[in-house]
Amino acid sequence: MPSLTELGDGVYAWIQPGGGSGVSNAGVVVDGDGLTVIDTLMVRSQWEPFAAAVAELELPVKRVLLTHAHIDHVGGTQAFRNAMVLGSPATSELLDQPMPVDGYKTFFAAFADEFDDLAEIGTRPVSHIVDDAAQLTARIELLPASGHTAGDVMALVADCDVLFAGDLCFFGVTPLAFQGDPKTWADVLEVVADLADVIVPGHGPVGTADDVRDLQAYLRHCVEGSIPPGPWDAWTERAERDPINIEKAAMLRAGDDGMPPSMLKAIGLLPSD
Ligand SMILES: [Zn+2]
């Protein structure tokens, strides 16, 4: 069972071990007026214990920041009913759509039996759009970007040198760019590597600039179309995700911003080979 790990004064990470498909991280930052929760995990078995640990801090949850529009980060918004919900335009759009329950059950097969419950609970809409860099609180700076999706948002807590990178960072786990742009993503990581000493990724353990550089190099190889041996050989989910990332980069190079067929197969919308 994960627990809140204090990375700096009043700055916590909730790291779900493994970091694979549907197994993401979250965070909490204490400000003078209460808490900001960063991402909300996916299904009830994940966000109930997280919300219980947040409640033990005995401070009001004022804000929920959603780093991007993927269900493994936005599924638990109902656990924080009184907070404002901040997200990019793309995240707002996702949360205004009906939940694609069948696709989620196929893609996140290990959690398939929890999605009917999640569909019933529903998610909260974004109440405050983030489309520009902004000082959210005295401690938290919001940094919009793109690369993993069209609307990624990072949260920087400069006073203790911690960056919550969302899925712009995967450490020890192969990244997934089915809705992203591997080239843009690698370019953004040039900036990310210099933002903070301590980086909380969307998936995998807390890391540093070295982990960001490895991820950047992997994404550049995806753009080149083949991946040589490297530190990524120790990452999980290579077999599933390499083809999707390489295919997506090639499609974008050809001017096609669609969903890679390899990803459509993974979510059951095309028959698998
Ligand atoms: Zn994601």
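Modeller: Start with burial. A residue counts as buried when its relative accessible area is under 20%. Keep in mind that this model is predicted. Now take Asp167: its relative accessibility is 3%, so Asp167 is buried.

Biologist: What is the relative accessible area of His70, and is His70 buried or exposed?

Modeller: His70 has a relative accessible area of 9%, so His70 is buried.

Biologist: Which residues coordinate the zinc ion?

Modeller: Four residues do: His68 through NE2, His70 through ND1, His148 through NE2 and Asp167 through OD. The distances run from 2.1 to 2.2 Å.

Biologist: How are the donor residues spaced in sequence?

Modeller: The pattern is H-x1-H-x77-H-x18-D. His70 sits in the loop between β5 and α2, while Asp167 belongs to strand β11, residues 162-170. The pair therefore ties together parts that lie 97 residues apart in sequence.

Biologist: How do I read the geometry of the zinc site?

Modeller: Look at the angles and compare them with ideal values. Four tetrahedral donors would ideally give 109.5 degrees. Here the angles among the four donor atoms span 89 to 172 degrees, and the site of the zinc ion is irregular.

Biologist: Now the sheet. What holds strands together?

Modeller: Strands of a sheet pair through backbone hydrogen bonds, parallel or antiparallel. In this model, seven strands make an open sheet, ordered β1-β2-β3-β4-β5-β6-β7, with mixed pairing. The edge strands are β1 (4-8) and β7 (128-129), and each pairs on one side only.

Biologist: How many bridges join β4 to β5?

Modeller: Four, and the two strands run parallel. Strand β4 covers residues 34-38, and β5 covers residues 61-65. Val37 stands opposite Val64 in β5.

Biologist: Which helix packs on the sheet?

Modeller: Helix α1, residues 44-55. The helix touches β1, β2, β3, β4 and β5, and its direction makes about 15 degrees with that of β3.

Biologist: Let us finish with single residues. Where does Cys222 lie?

Modeller: Cys222 is in helix α7, residues 209-224. With a relative accessibility of 0%, Cys222 is buried. Its contacts beyond four places in sequence are Ile227, Asn245, Ile246 and Ala249.

Technical notes:
Residues numbered from 1 in each chain as written. Predicted model: local features only at pLDDT ≥ 70, side-chain atom pairs only at ≥ 80, totals over all residues. Heavy atoms only, no water. Buried < 20%, exposed > 50% of the residue type's maximum accessible area, 1.4 Å probe, protein only. Contact = heavy atoms within 4.5 Å. Pairing = 2+ DSSP bridges. Axes fitted to C-alpha atoms, helices over the stretch in contact; angles between N-to-C directions. Donors = N, O, S within 2.8 Å, 3.2 Å for Na, K, Ca; no water. Tetrahedral: all angles 85-135°; square planar, octahedral: opposite > 155°, others 65-115°.
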